[in-house]
Amino acid sequence: GSWGARISGKPIREDEPMTLAAMYYIGVDGLGNLNLDPSEINAQSPIKIDGQAHNLGEFEFVLEQTSGVNIGEPIHFFGAAIPPETAWRAKDYTREVIVRKVQRLQQSGVTDLTPKEFFSLSDEFFGGSAPNLLVFQMHYDAPFEFEVRFSSKSSPNPATSEAMTSALTKAIANFDERFEKTFHLEQQGFSESMINFAKATMSNLVGGIGYFYGSSIVDDSPTYEEGQMEHLEGPVARRPSPDPRPTLPASLFTAVPSRSFFPRGFYWDEGFHQTLIGQWDNDLSLEIIESWFNRQDKDGWIQREQILGDEARSRVPAEFQVQYPEHANPPTLFKAINLYLDRLHNVTKAQSGDSDSDNLFKHDVTNARLVNPELASEYLAKLYPKLRANYYWMRQMMRGEIREYGRVSRSRVEGYRWRGRTKTHTLTSGLDDYPRAPRPSLGELHVDLLSWVGFMNRNLQNIAAIVGEEEDVEEFEDHYSAIVANIDDLHWSDEHKAYCDLGLDDDDQSVHFCHKGYVSLFPLLLGLIDPESEKLDHVLDLMHDPEEMWSPFGLRSLSAKDEFFSTGENYWRGPIWINANYLALDSLKTNYINKGPYQTKAKKIYNELRDNIITNVYNEYERTGFVWEQYNDKTGHGQRSHPFTGWTSMVVLIMQMGRAD
């Protein structure tokens, strides 16, 4: 039960001064306490604290500064007896302590202190003599390193600095070897600095995996008849008598888009996260995927945003906390499962041929559900009913209207629309402010959603065959043929030479609303266009046109020719997003660069786009020290949340893909 962590820091740019106050806190959130006397706290490193907790027993905690010119300086602190289960508010408590100190100094007329002295913690205890929260503050103006070590007193092997050094040295060597075996970046000729960038990016995604627990807020009260409310903007769910209620507490094991900005689970993001995590640690990824599907309700619905508990809700505006059981999100976890099936297929082939590839996985516990066919089948058989339920929930809840508006298509049922629309936003699609039909209505059909349903179907076919559900396979095949047909019949615009949404004009006539961009690409992104189709040629031209989607830094989210380009909040109206660019590259490589009459064009786009993405994301990391949420299509500069080692970390997979010869 012992553990340790070594924390270090240095300036991003050596020519700039560094001023940092590092705070480290330890809290006992349930039954237990920290055993110390305020008079016995030594303000110098190392600081040692004894404690005991209900589930941990007795322990010793050590904080020790191990490197840097600031080692001899005092460590400031405060302790407090706080209410149970509020240790997550350590930052709030710390702010209160500093504000009180500053106010006291101001009232007493003290003005001749340095900022470091002015804003140091107050070295005192609040709320009694038995604190369950301690916060330590260390000031640095140069590179530094410190350790925190937790030793269980029931263990014969306490955490020591020497033991940490030995373990870290071994772990780093093993990590470097495993990273190259997994991604082959050195083999491809990437520089040492680019490989280090890839290691840091992937590691921060994996480091963001967390266990979340608590209630969520769901409103499952009756909805309006949508025809009565479709003219209104405002809340994304419309109800005559809203009744949001907390659910029973539940757990989720998941990665997060950004530990500092979005520290919670997002369904739309998580499938992309698992494309990379699954490549690194297959079975860890499968645990996370299973945890997400354990959040499914009896109908097959999964909350698109997992805001579990008070801590999570403290980071979300009140109007976005409530989840609605008619709201979907792109089913990206099916992409992660799709890649698991690919890995499983490759390993099975290697095993049957007794090739060297088999040896890579044979004794690796991270890949047990790859190398052991029984474990793989058991996992898929357990997951399959939940995947199937999610698919049928999507088909039923998102079903759109086709014949009601005189539309002609080979299938009467394969058309879908995102629920929860407003005039300016479709949050449920994941593409928030991407322009759609100007008037939300029952008559909308969305090409990206139909493509996602087709992608779900194709993966379910494969799993159903593996687990022996032959009747389901036949039914899914019929669905799939109809979906692919209707993508062309309903959503292809001969006028615009693009795939477009359908909506209603002012006379309630069905018309295409063509805002060229990521939405137009979804049939290609998810591999639903036949490589022989002439429509593929037009879609490739749209991608590669610098006046439309092409930029030197990646594919724009919206065509530069669109009337809404770079307008409003400009979230999905032009900036470059790595998740969509990854889907484009993955699909081009898998489906189009070696098949059909347009493979030369597809190969050229693939190689140029891959180079552009890798170069820009790496250059911005070198320039700023961060991986970003999105990138500017004119300058390539990172924008919005950072660090954002969620789906932007998929740049590592893009590096792994290799060039197409």
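Q: Why is His184 called partly exposed in this predicted model?
A: Its relative accessibility is 34%. Buried means under 20% and exposed means over 50%. The value for His184 lies in between, so His184 counts as partly exposed. His184 sits in the loop between helix 3 (161-183) and helix 4 (192-207).

Q: What makes the phi of His184 worth a remark?
A: Phi is near 60°. That is a positive value in a residue other than glycine.

Q: Why does Glu85 count as exposed?
A: Glu85 has 61% relative accessibility. The cut-off for exposed is over 50%, so Glu85 qualifies. Glu85 lies in the loop between strand 6 and helix 1 (90-107). Glu85 is not a glycine, yet has a positive phi of about 60°.

Q: What makes strand 2 and strand 7 edge strands?
A: The open sheet has 4 strands in the order 2-8-6-7, with mixed pairing. Strand 2 (20-27) and strand 7 (124-126) each pair on one side only. The twist averages 15° from one strand to the next.

Q: How do you know that strand 6 and strand 7 pair, and in which sense?
A: Pairing needs at least two bridges. Strand 6 (residues 76-80) and strand 7 have 3 bridges, so they count as paired. The sense is parallel. Ala80 has Phe126 of strand 7 as its bridge partner.

Q: How do you know that strand 8 pairs with strand 2 and strand 6?
A: Strand 2 and strand 8 share 8 bridges and run antiparallel. Strand 6 and strand 8 share 5 bridges, also antiparallel. The threshold is at least two bridges, so both pairs qualify. Leu134 of strand 8 is the bridge partner of Ile26 and of Gly79.

Q: What makes strand 8 mostly covered?
A: In strand 8 (residues 133-140), 8 of its 8 residues are buried. Leu133, Val135, Gln137 and His139 point one way. Leu134, Phe136, Met138 and Tyr140 point the other way. In a regular strand the side chains alternate between the two faces of the sheet.

Q: Which residues touch the most other members of the largest nonpolar core?
A: Phe293, Leu524 and Leu588 do, in a core of 128 residues. Helix 13 (residues 447-466) gives the most to this core, with 10 residues. A second, separate core of 23 residues includes Leu34, Leu63, Ile75 and Phe146.

Q: What is omega for the cis bond between Ser45 and Pro46?
A: Omega is about -5°. Pro46 is in the loop between strand 3 (32-35) and strand 4 (47-53).

Note on methods. Residues numbered from 1 in each chain as written. Predicted model: local features only at pLDDT ≥ 70, side-chain atom pairs only at ≥ 80, totals over all residues. Heavy atoms only, no water. Axes fitted to C-alpha atoms, helices over the stretch in contact; angles between N-to-C directions. Buried < 20%, exposed > 50% of the residue type's maximum accessible area, 1.4 Å probe, protein only. Core = buried A, V, L, I, M, F, W, Y, C linked by side-chain atoms within 4.5 Å.
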